[in-house]
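Thanks for making time this morning.

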Amino acid sequence: MEKTRVTVNIAGQEFKLKVNETAEYMESLSRYINSQIAEVQSQYPALSVNNSILLAMLSMADEYHKLKENYEALDSRISALRDMPSRASAPTMPVKRPFDTKTPANV
């Protein structure tokens, strides 16, 4: 896959990136990041921009880890259900594991 050049603005700073994702995807990520920073700044108006960014990062890391834990629990449950003896001899489908195959965007 050819790398895409994209410029995103995060917290008032412009970043020129070369990534494996589409420009639209990277722009949607930057909008999400900026919305998280704005949310922190609205809750703590006296906080510096840098500290707002750090708290937004902490919030996003928390969200990511909770989602990943939920995904892994569901994946485990689906695998257990697939391993149960079935009453009918219906074919089984492989379990998709997107976290195992995704690689982070090269920044």
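Before anything else, a word on elements: helices (H or I, at least four residues) and strands (E, at least two) are DSSP runs, numbered from the N terminus. What we are looking at is a predicted model, in which local features need pLDDT of at least 70 and side-chain atom pairs count only at pLDDT 80 or more, while totals for chains, interfaces and linings use all residues. Residues are numbered from 1 along each chain as its sequence is written, and side-chain values use heavy atoms, with hydrogens and water left out.

With that in place, the chain holds 3 helices and 2 strands, and reading along the sequence gives the pattern β-β-α-α-α. Of the 107 residues in the chain, 14% are buried. The accessible surface of the chain comes to about 8700 Å², and carbon and sulfur atoms account for 57% of that surface; such areas come from the Shrake-Rupley method with a 1.4 Å probe, and for residues only the protein chains shown count as cover.

Let me begin with the strands. Arg5 is found in strand S1, and Arg5 is called exposed because its relative accessible area is 67%. If we leave aside neighbours within four places in sequence, Arg5 is in contact with Leu17 and Lys18, where contact means heavy atoms within 4.5 Å. The C-alpha atoms of Arg5 and Lys18 are separated by 4.5 Å, although these residues are 13 apart along the chain. Leu17 itself belongs to strand S2, residues 13-19, and at 15% relative accessibility Leu17 counts as buried. Its C-alpha atom is 5.3 Å from that of Val6, a residue 11 places away along the chain.

Between strand S1 (4-10) and S2 there is a loop, and Ala11 sits in it. Ala11 is partly exposed, with a relative accessible area of 28%.

Now to the helices. The axes of helix H1 (residues 23-43) and H2 come within 8 Å and cross at roughly 115°, the axes being lines fitted to C-alpha atoms, for helices over the stretch in contact, with angles running from 0 to 180 degrees between N-to-C directions. On the H1 side the contact includes Tyr32, Ile33 and Gln36, and on the H2 side it includes Ala56, Ser59 and Met60. Gln36, in helix H1, counts as buried because its relative accessibility is 13%. Not counting residues up to four places away in sequence, Gln36 touches Ala56, Ser59 and Met60.

Helix H2, residues 49-83, also carries Leu58, which is exposed with a relative accessible area of 57%. Together with Tyr44 and Leu55, Leu58 makes a nonpolar surface patch of about 310 Å². Patches here are made of residues with over 30% relative accessible area and no salt bridge, like charges being joined within 9 Å and nonpolar side chains (Val, Leu, Ile, Met, Phe, Trp, Tyr) within 5 Å.

How many salt bridges does a search of the whole structure find? The search finds 1, a salt bridge being a side-chain nitrogen of Lys or Arg within 4 Å of a carboxyl oxygen of Asp or Glu. Asp62 forms this salt bridge with Lys66, and the closest N and O atoms are 3.2 Å apart. Both residues lie in helix H2, 4 residues apart, which is about one turn of the helix. Asp62 is partly exposed at 39% relative accessibility, and Lys66 is likewise partly exposed at 48%.

Further along, Tyr71 is also placed in helix H2, and, leaving out residues up to four places away in sequence, Tyr71 touches Lys96, Arg97, Pro98 and Phe99. Tyr71 and Pro98 are 27 residues apart in sequence and 9.8 Å apart in space, C-alpha to C-alpha. Arg82, in helix H2 as well, has its C-alpha atom 9.1 Å from that of Pro94, 12 residues away along the chain.

Notes
Buried means under 20% relative accessible area, exposed over 50%, partly exposed in between (1.4 Å probe, protein chains only).
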